[in-house]
Structure formats: structure tokens, C-alpha cells
Amino acid sequence: MDVNALLQCFASTLHQDTNIRSHAENQLKEASKTPGFLGACLDIISSNEVPENIKLSTSLYFKNKIIYGWVVSVYSTSKNELLNHGVDNDEKPVVQDMIIKTMLDCSSNSPHCLKILRPALKTIISEEYPKGKWADLLPKSLELLSNSDVDVAYVGLICLTEIFRTYRFKENDDRQDLEKLILEYFPALLTYATDTLFQDGKNMDNSKVGDLLVLILKIYKFVTYQDLPFILQRAEFFVPWANLFVQIIQAPLPQLIMNVQDADLRKQNSWVKCKKWSYANLFKLFSRYASTTLSGRYNYTDFKTLYMNDFLPQFLTLVFQQIEQWGNGSIWLSDECLYYMLYFLEQAITQKASWKLIGPHYSTILEHVIFPLLRPTEETLDEFENDPQEYIHRNLELWNDDYSPDIAAVSLLTTAVNKRGKATLQPTMEFAIHCLQDNIGDFNSINLEKAVNIESAFKIFSNIMDRLTVTGSPYADEVEGFVKSFVFPFFNSPYGFLKSRACEVSSKLGMMEFKDPAVIETIYSGIIQCLNDTSDCLPINLSGALALQTFVQDPFFQSALSESVVPIMQKLLELSNQFESDSIAGVMQEFVEQFAEQLQPFGVELVNNLIQQFLKLAIDLNDAANFDPTSLMSGDGLPDESDKQMAALGILSTIISLLLSFENSVEIVKSLEQSFYSAAEFILNNQLDDFYREVCEFFENSTFLLREITPVTWKVLELIGECNRKEDNMIAYFLEDFMLIFNNIFVYGSTELQKNNFYCKILYEIYANTHIDEDSDFDEINTIFDYSQKLILTLGTQVPVELRNSILQTAVTTILVNKGDLKKHVIFGVTTFNTIIASIVSAPFETMHFVYDISTLPLFFDVWLTSYAPNYKRVYDIKLSIMALLNIIGQVQPEQFSQMSLETVLPSLGRALVQLMCKYPQAELELKNKRKEFTAGALEDSAKYSWNDIVELNDDDDDDEATTDDVVFENYLEMMKKDNGGVDFVDGLTFNDDETFDDLDEDPLTKSILDDIDITSVFKSSMGQLPNTNGNVYQAAFSNVSTEDQTKLSQLMG
């Protein structure tokens, strides 16, 4: 590879002239396929003579090539052709040898390049080191760490960090070599961290030294993340490391750091990060390994005693000191440190021993930590006015990806009142009321400082309201008086954020029964006022909409809303267009369900509006899915479209709800199908698989309502077929979702399928793309065989012989491979066997002979007739087996039975047939009863709970004797740990995973492909003809039937 030519190529990719840049990118595309390309990139990056911007461009390209090409799989393939060529195996050792040298060259002269190369190094180490393909990496890293040059040592620590990262998600049993590494290297690593780097805080003015210490703290994090190494549980290892963390937390930040005015910039300082990771490590040790949890997964008794008795009391003292100093402004804490501190306290609240230490300080924590953190900041108020969507995420939905102390404060508050309510609920309510009394005064003269205090008090009330308003709550009367006096007046506040909060608090009152009827009228008036707020303030409008959802089933609300259903729905559509979230879609869906009759005249228009909104979001999502990784070279981040995706899903759910409201309007349903087609077309043509299920749900419901397959649905099947033919399509992967529409196509479209081979071919191709191998789980297998048997039942003898044989071969192979699971995993066994049984219905001899040729027929009949058929409970299974048995007895000739050595099986066929026919009436009755239960109004809300249902931890910790709650909890843990014949499951729980025939669900709302078959008439007709059409087989099947079965048979025929 010509390094100079490559250098010129990278330089030209940065040229302002579009033509030159485009030509260079094409050259780069070709050059990247050539062995030696990556080594040449590293030569460029290492050079001190190359301009920094070219080195950065080269570093970015190199990083992407490694990340996307070091391990090539279908999942790592990018839509960008530049990155679709894996790293040549012969070049990998060269890259491994060169990359650390390159990073050393960059460490002092090109730190930005070093930062870019780190993800590449991580990719290589994660793949090669665990396989033993980089044996000299560890000694080389340790050698670099011993260097007195901080930059060199930093590269060594980067390598060590990535080595230990490979153990992050492994448990102790799977990483026994780690214990040896810890024993050999951690003492020296701790000494280096304590004596060379930290030095009692003397080096805190040096950010490079802080960078080194951050890496050591991360190494500790990685080895303790999934499990706690046995060596680190010992006091002689735990105590020195814990002391280091504590010393870092205690050390005051130097003035040099505090002089940075921008808090976001300040928290990027390495020493601030050291404090964060010190808190994080201590929190992880406490919550995961030293706490009593329901799972009891990590039962490290000695370590738990060491942490809880010897370390925690002193550390909580430090936490309280930090809180006090932060509260009076004498120290600054980053959001991350506050976040971990609050979650530490929250975890401590749930533990009996630590609650004793925290309980006396709860009021102080509430007043000096939770309350200040819930006050809106200047930034928050600015977001309310200028970035309402972000305000909604952070303050109404309480959603944030960052370390947010206010969200941690809310979590701490709710845990305290739910787990220790006897000690915390009353003080919390009293504090909030006093705060409101102190700040409201004259309602018309509330200044901004008082307004933000009121907002914080309202947030506190909002987050304990569920506990206060539960049925039977002794606080119900107080709450009613409270909202009348303090909350409702703020529907008319001059501060928009307080209007919004008044709505949000009111939305928590949905479970209350008010003594004063005027209360519900006031709530209605306030909510509608906020929904239609003339300032068009999105947070206020949204709060009104979400509160409306809470009360939409209330009789007063329904009566009041009935005259304005359409205008409100139009307002909701407008909000949905403004705000990309599933929350508004949820309100619309609820509104549609409650006011379906009033909305019916506008149903098609509503759906069309919603589809346009969906398509707008779907186009953005499709563009994001085609994101070009090389654009990262310009500094762009990966697009986060999660809001759009959730909003789009919510819109589709609302459309489906609208569809279901027109169950008695055939023409409207057909119009809605036509409208929805454009959405389905875009989804399938662009393979937006996140929405496959919603497309299938829509057409499952429309076809069920129409009881027919319309031309629109056939066109959708064509789209599915076209999608299925595309390379790397995911139709087979999402087959379970597509079964929703396929099932109804089989049921309602069977006549058209039997005369239209074009559609049949689509269904055959879909099966052909399915695949079962050793990695397939039972759910995948069940879905494939569910599809197979319905395909065969629908098309019968029209199924091509080669396809039928392929299905049978797959079924028999799967049975043989999983022979030991046939009785244990009933759903799998019955579904797989039903595929063969379905084939017997239309081709009895051909199917049996095929299974016979694979030497599996005795096993098949044994399991079917002795294990499955006697235990069937589903109508579908019973009908299917009856039809198959009738066809075996009626169509397979005596000589064919002899040919397959099945003469001895014939009596079992007769007995099984009689037993199944006797069982059928009861199964049919039970299915009819199920269907009655699912009619409108039959389901009751089972989610309600009362004050007496609430279980909290016992607050009576005045003595060391075990409380009643403690005894119950310990007994429950002990019971869960016992293995009563089950197998180990997540978090150490056990369960018996043997399935029963009760686990074979029969959906009462889904029509079966066999529903229209009158099995009693079929039985009588067949049995009446059998003596004449296949008398010898009939005689062999029924001559030895017991007297009891003979009587039953006579009754059935009568």
C-alpha cells in the first residue's frame, strides 16, 4: 500500500470542491479493500509530519473499519459499501502489533486521535484476548504502566482496562482465571493508584494523573459489575480499595477545577469523574452484593456482614456530611455524584440495618436534599418557554438518559413512602403543606422564588399521591381538602409551569371518590381550560390531555365531554402532530374507545389524519435507518429516533382502536383498510420491521370484522411476498407477528387460495425461508410448525409433494433431535406432531409412509396415541386428531398397514377415536363459555388495590429482634431457594419448567381453521360408510373395543 497516495486521498476527502471530494471518496472505497490498508492508516496517524485534521479523518475511518469489519456478520453489515469488507485475517496480527505503538505516538502529540482509536482497540481486544490470540498484551500493558512518563502509562492503563472489560459480564464460575489476575496484579495496582496517582489529593491539579486514576476505578468496576470476585470479598482486599474510594470522595476539589464556571465543562474534569466512579463502585457493592434481595442470587454472607457492620455506618456518616456541605454551599457535587448518593440512600432505606441509621435523618434529607433538587432551575424555566418538548421529557414524563439528581430524588422519595410509609408519609405530607402555606400567601402576588418552591412542593405531593389516594386511605379527606385549597387555584396561575403542574397533580386523583360533587366539576373545568389554553403552551396542553385520560371514564366527564368529542379529538390530533411521543396516542386511543359512537361519522377522516402523521414519522425513521456510518467522520452522532418510534407505534395502536369501533360498519371498515394500505405499503417496502406487528394486527382485526379477505388484504399479502424475496429480509424472523394476518388468510381466504396459485406461491416461499437449526428455541419452532400445519390444512392435496415432504422431514428431524423434550415441553411436542397429523388429514398413506421410511412411525404413534391424544383439551387438537384418525381408518388399505407393520396399531386407533369423540362435547362447551367471558363488559378491572393491600417493610426497628415482616421475608426467601424438582432460573429462583396441556392456549377471540367443521356430522358420516368402504380396517380398529367403548360408540352414532 502506497502510504503517500493514501495520505493524499484522505487529504482530498476534506477538500472544499465537491468533485474532488467525491473522487477521493471513491478512491478510498477501492483502497480500503486492499490488504495493507489499515497498516498504512496507522502509519499516517503515527506521523508527526501529517496535519492534525488529516490524522483525525484517518483515525475516524480506521476506527469505523475496525468496528464494522473486525468481526463480520449479518448484523454488523452496514448499508454503506465502504464498510462492507471485513478485515483480512492476515492483516489482523499486523494491526494488533501496530495499534498500541500508534497510540503511544498519539498520546502526547495527538490526544484527539488517541481518543478516537480507543473504540477500535476495545473491539480488537474484546474479540482476540478471550480467545488467547493476543498473549503478549497483558505483559506489554504492565510494562507500559511501569513507565514514569504519564502519557506512556496512560496507554498501558487503557490496554489493561480493555483486558479487564472482557470479564465484565461473566460470573465467577465462568472466569476463574480472573481470580489469579486479581491476586497477582491488584495489590500493585492499588498501591500505584494510592501512592503514585492520588497521593492524598496532592495531584488533583493534574488532569492527566486523574485520567489514569479514572481507568483504575473503571477496572474495579468491570471486575465487580456482574459478580464479585471471591478475592475481593476478603477484608484484606475490600478494605484498602474501599478506603481509596472514600479518600477520593472526601478530598476537596482544587480551586483550579472550581474556577470553571460551566458546570457541564467542570464535570468533565477527570478528578470529578474519579469521585463519580468512587461513589458508583461503592453503590454497586452495596446494592448487588451486600443487600438482602428477593432473588438472593449473590449470597455472600461474610462480605455482606463486613460491608454492613464494619463499613456502612462510617460511610453513611460521610454521605450525611457531604449532603450537609452541599446543602450549605460549601462544596460542589456533580450531578453524577448526587445521583449515586441518592440511589445509595434509597437502597439503604430498604435494608433493616441501614434504615436504623437513616430513619432519624429522613426529615433533613427531605428538606435539604429532595426539596431543593425538585425546585425548577433557571435552565428548567427557560426550557418551559423555549424548548417545551425537552421540558416535558424532563419534568412531566420524568425521563432522561443522563444522571439526573432530580429523578433520583423522586425515586428516593417514592421508595421512602412506599417501603417505610409508617415513618415517612405523615412527615412528608406535613412538610409539603407547610411549604405551600409559607409560599402562597396572597395568590395574586406570588413572586418567582415562591412559585418555584410551590412547584417543588407540588412535585412532592404528586409523587406520594398514589399512596394517599388509594381506596381506604385514612388521608382521603385531607387530600380532598388539600387539592381544593392549594391545587385547584393554580389552574388560573400566571405561571404556566404551575398551571401544568396543577393538571398533573389532578391526574393522580382518578381513584378517589369525592364527598363534594363540586370537586369533579372543578377538575373538569381546569383540565379543559389547560387543554385549550389560549397561549398554545405545549406543556400545559399536554398536561390537560394526560389528565383528561385519567378521568375519561368518569360519568360526569363523559356527560360533559359528549357535546365536544370531535373538537377535543381534533385538539389531540394537533398535539400529536406537535409532540413526538406515545403519550398523546394513548390519550387518543382511550378517547376513541370511550366515544366510538360519536366519532364514527369522522372515523375515516381521523384515520387518514393519523396515517399522514404516521407516514411523516415513518419517513424520518427510514432515513435514520439508512444512516451512513461514515458521516461520523464529520462529528455527527448516531441519530436517536426513539421518541419518533414510540409516537409512531402509538398512532398505529390508535388507528387499530378506531378500526375496532366500527365492528358493525362493513363499508367503513373497508374504507379504513384502503386508507391504511399506504402505511402498510411504506412499512413493508422499506422493511421497517418495528411496525410489522401493527400492520398484521390491523389486518387481523379488519379481516375478522369483515369475515372475508378483501382485495386490499390480498395486495398486502403481495407486499409481504415481495418483501420476503428481498435479500436479508426479516419476514421469517417475525413470523410470529405475521401469523396474525396469515391465520385469517387461511381461515377466510381458503376458497381463493385453492383456486389462485399466485397467492399460494407467496405462502410457499415464506415457508421456504424459515429455518430450524440447533440455535432455534421452542418458540421459534412452534411458530414455524403452526404456520406449516395451517398451510397444509388449507390447501390439502394442492400442496406440492416436494413442499409437503420438506415440511414432514423438518418435523420428523426436529422430533428426533428433541425426543427427550416431547413430554416435558408439551406445546412444542403437540405443535410439531400436529404438523404431521395435519398432513395425514389430506394424505394419510403418503404421510405415514414418509414417516415410516425415516424409521419414526412407531415413535409417532406411541407418543400421539398414548401421551398426547388422551390429554388433549383444546377443541382444535381434538378435531384435528379425529379427522386424521377417520382418514387413516377410512383410506389406508389393509396391505398398506401391513407394508408399514402397523397391524397392531389398529385397535389403538379405534380406542383413541372413541375417546376423543367422547371428550369433544365438553371441550366445545368450555370454549363457548370462554368466548362468552370475553364479550363486552365481561372483564372487570382487577388492578384496583386498597390501603390494606399495601405491604411495606416493618418500621419497628427499636430492638434487634426479628420483626414479623422480617421473618415472613426470610421464610419467603428460603422457600424460593428450595429446589422442588425445578431447575435454576434467573437470580437463583427456581421453577418447574415442565409444561402441561393447560399451557396449550386456545384463543377464544381467534377463529380456528377448523371452526366451521361439524366434527360430529363428519364422524357419523364417515363411520356409517367405513364398513362398506374399508371394512377390514374398520373391523380391526373396532372389534376389540371394550364394552364400555362400544356403548359410547353406539351413543355417538345415535
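Let me begin with a cluster in which ring pairs link Phe238, Tyr279, Phe283, Phe286, Phe303, Tyr307, Phe311, Phe315, Tyr339, Tyr340, Tyr343 and Phe344, where rings of Phe, Tyr and Trp (its six-membered ring) pair if their centres lie within 6.5 Å, and planes under 30 degrees apart count as stacked, over 60 as edge-to-face and the rest as tilted. Please keep in mind that this is a predicted model, in which local features need pLDDT of at least 70 and side-chain atom pairs count only at pLDDT 80 or more, while totals for chains, interfaces and linings use all residues. Residues are numbered from 1 along each chain as its sequence is written, and side-chain values use heavy atoms, with hydrogens and water left out.

The structure holds 62 aromatic pairs. One of them joins Trp241 and Phe245 in a tilted arrangement, 6.3 Å centre to centre, with 45 degrees between the planes. Because Trp241 and Phe245 are four residues apart in helix H12 (residues 235–250), about one helical turn separates them; helices here are DSSP runs (H or I, at least four residues), numbered from the N terminus. Trp241 and Phe245 are both buried, and buried means under 20% relative accessible area, with exposed over 50% and partly exposed in between, using a 1.4 Å probe and protein chains only.

Phe311 and Phe315, by comparison, form a stacked pair, 5.4 Å centre to centre and 15 degrees between the planes.

Let me turn to charges. Arg266 lies over the face of Trp332, at 4.6 Å from the ring centre, and the charged end of Arg707 sits over the ring of Phe704, 4.1 Å from its centre; the criterion is that NZ of Lys or CZ of Arg is within 6 Å of the ring centre and within 35 degrees of the ring normal.

Which residues does Glu336 contact, leaving aside its neighbours within four places in sequence? They are Lys267, Lys276 and Tyr403, contact meaning heavy atoms within 4.5 Å. Glu336 lies in helix H17 (residues 335–349), and it counts as buried because its relative accessibility is 11%.

Finally, in helix H7 (residues 137–145), the buried residues are Leu137, Leu138, Ser141, Leu144 and Leu145. Seen down the axis of H7, they fall within an arc of 125 degrees, so they line one face of the helix, the arc being that of the directions from the helix axis to the C-beta atoms. What covers them includes helices H5 (92–109), H6 (111–128), H8 (150–165) and H9 (176–198).

Terms used
Helix = DSSP H or I, 4+ residues; strand = E, 2+ residues; numbered from the N terminus.
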